[in-house]
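Here is a report for a reader meeting this structure for the first time. Please look through the sequence and the model before reading on.

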Amino acid sequence: MATVQADIDFQNDLFEAANRMRASISPADYKHIVLPLIFLRYLSLRYEKRRAEIEEMVKKEWASASPEVQQEILNDPDQYISQQVYIIPDDARWSFLVKNAKAANIKALVDNAMTLIADENKELQGILPRRIYQTSNLPAENLTELINIFSREKFSTQNHQSVDVLGRVYEYFIGTFASTEGQRGGEFYTPSSIVSLLVAMLEPIAGTVFDPACGSGGMFIQSEKYTKNKHALSFYGQEVIENTVRLGKMNVLLHGINAEIRLGNSLLKDSYKGQQFDYVISNPPFNMKLWGADNILDDDPRLIGPISNSNANYMWMQHFLYHLKEGGTAGFVMANGAMSSNTTSDKDVRQRLISGGYVDCIVQLPEKLFFTTTIPCSLFFFSKNRDGQKGFRNRRDEILFIDARQKGSLVSRKQRALSQDEIDEIASVYHRYRTEGATYEDISGFCKVAKLVDIEKNDYKLTPGIYVGTEVNEDDGGEPFEEKIMTLQELLLHQFRESQVLQEKIVRNLEELL
């Protein structure tokens, strides 16, 4: 079996970096200090690498040219832009910052480097921050130490070309340090093994990919790695937090990906209204309360059923479905409670999704996959190719259930991860289930194809354990405590209403007798 690895393979360096800031910076703000610095490091490395290549070319092809001509070629912007490398002015290069790392004004020098790069490269304006170091409480000597840490060889692009460094470092700082300090900020970040599983199951080869809760762009990075046809995918995302949009844009630029990320609240201000995509892949915030349901118009084209301010889970699902092209597939992370929630609006929409033939597959995942939340989660897959399009077989009257709760291994006391073998195993089951001509077989306790009539008999619950033959907690079906309370409250209010009707009927009967 393939070795299970933690999401970060240079933890000690990151822990040391965070410790440099612990006394003066809130853990929730670590990312805003560290990630632009890492991005600057990578931009400079790429520039220096390309400059060295041009120098070699000049020596070979322009050896007889005058020094002025050679210098002109060396500084020609087209030589860099053609290779998707940004121009880095002398005073913004990493070597300059390292040379001046102990200067009393190092914070101003780093801020100035960000400004110089943005002014030189218009595409980076609004992405690189301005004056964040001078306005922060970070002591100059701590910034010096951070520069020294990120000058180590392991943080070079040559050593980590295949690693989503920015996204994984981002997750590490938010997940590990923010949760350690009791600050999560309501933000959720997707561990790499979950992203890898989503992508492996969706198989994005070519077309458009949409993530309306894209965070730092990790879903885009993994999708691009999956396809063998580089740049065959175009990515579109929306994110509600401005600083996260900035970091997401840094991430996709660092990886050379064609992505458009827009700022805004996807549910309340859909920046892609009317647009549909080949793939939808997302990890929306779980169990959002008071999210603004009152602002959604009754004729909103996304709605197929009622919505409630008590929970946004099923509004997210309707949002995903609305943006999915005919023939497309959506895969997303969802809290387990959504599989069986009995609140009126949730159950109504779930029934319509099932009866409408959109729900394709449910995967229940093991616990402890997330740094930032203990809420158990699952993967939902919606499809608009269930009637037999694009090489897929007709499966409109059935749903695949996979119970993967026993998968994964602990990579630390608090975190579990799926191995590559396990990811391949789960993805293979899904592919065999939906592909025309493939051989699929139920595996007791692991996977089962259930008919819609059987799901209807089970009150439209989507908990895999009900169907695959494993033990199910009949108390709540994996429903989070807060959702269970809402369900019981609704039931109690319903019983109160029935009681009032009965009381009025009794009074009328007594009046008739008198």
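What follows covers confidence, the sheet and its helices, the salt bridges and the cysteines.

**Basis and confidence**

This is a predicted model, in which local features need pLDDT of at least 70, side-chain atom pairs count only at pLDDT 80 or more, and totals for chains, interfaces and linings use all residues. Residues are numbered from 1 along each chain as its sequence is written, and side-chain values use heavy atoms, with hydrogens and water left out.

The protein chain averages a pLDDT of 85 (the predictor's confidence in each residue, from 0 to 100). At least 70 is the score of 83% of the residues. Residues 1–8 fall below 50, and this stretch has 25 contacts beyond near neighbours in sequence (contact means heavy atoms within 4.5 Å). Residues 181–188 also stay under 50, with 20 contacts beyond four places in sequence. Where pLDDT is low, the predicted coordinates should not be read in detail.

**The sheet and its helices**

Helices (H or I, at least four residues) and strands (E, at least two) are DSSP runs, numbered from the N terminus. Two strands pair if DSSP finds at least two bridges between them.

Nine strands form an open sheet in the order 3-2-1-4-5-7-6-8-11, and the pairing is mixed. Strand 3 (259–263) and strand 11 (447–451) are the edges, each pairing on one side only. From one strand to the next, the twist averages 15 degrees. Strand 6 (residues 359–364) and strand 8 (residues 398–403) run parallel and are joined by four bridges. Across this pair, I362 stands opposite F401 in strand 8.

Helix 14 (residues 420–434) packs on the sheet. There it touches strand 5 (324–335), strand 6, strand 7 (377–383), strand 8 and strand 11. Its direction makes about 165 degrees with that of strand 8. Axes are lines fitted to C-alpha atoms, for helices over the stretch in contact, and angles run from 0 to 180 degrees between N-to-C directions. Helix 10 (residues 218–226) lies across strand 1 (207–211), strand 2 (233–239), strand 3 and strand 4 (277–282). Helix 10 runs at about 170 degrees to strand 2.

**Salt bridges**

The structure holds 18 salt bridges (a side-chain nitrogen of Lys or Arg within 4 Å of a carboxyl oxygen of Asp or Glu). The table gives three of them.

| Pair | Closest N and O atoms |
|---|---|
| R434 and E203 | 3.3 Å |
| R386 and D360 | 2.7 Å |
| E425 and K407 | 3.0 Å |

Where do the partners R434 and E203 sit in the chain? R434 is in helix 14, while E203 is in the loop between helix 9 (192–202) and strand 1, 231 residues apart. R434 is buried at 1% relative accessible area, whereas E203 is partly exposed at 26%. Buried means under 20% relative accessible area, exposed over 50%, and partly exposed in between (1.4 Å probe, protein chains only).

R386 lies in the loop between strand 7 and strand 8, and D360 in strand 6, 26 residues apart. R386 is buried at 2%, and D360 is buried at 0%.

E425 is partly exposed at 32%. K407 is buried at 18%. Salt bridges that share partners also join R393, D397, E398 and K451 into one network.

**Cysteines**

How many disulfides does the structure hold? It holds zero, a disulfide being a pair of cysteine sulfur atoms within 2.5 Å. For C447, the nearest cysteine sulfur is that of C361, 9.4 Å away. C447 is buried at 1% relative accessibility, and C377 is buried at 2%.
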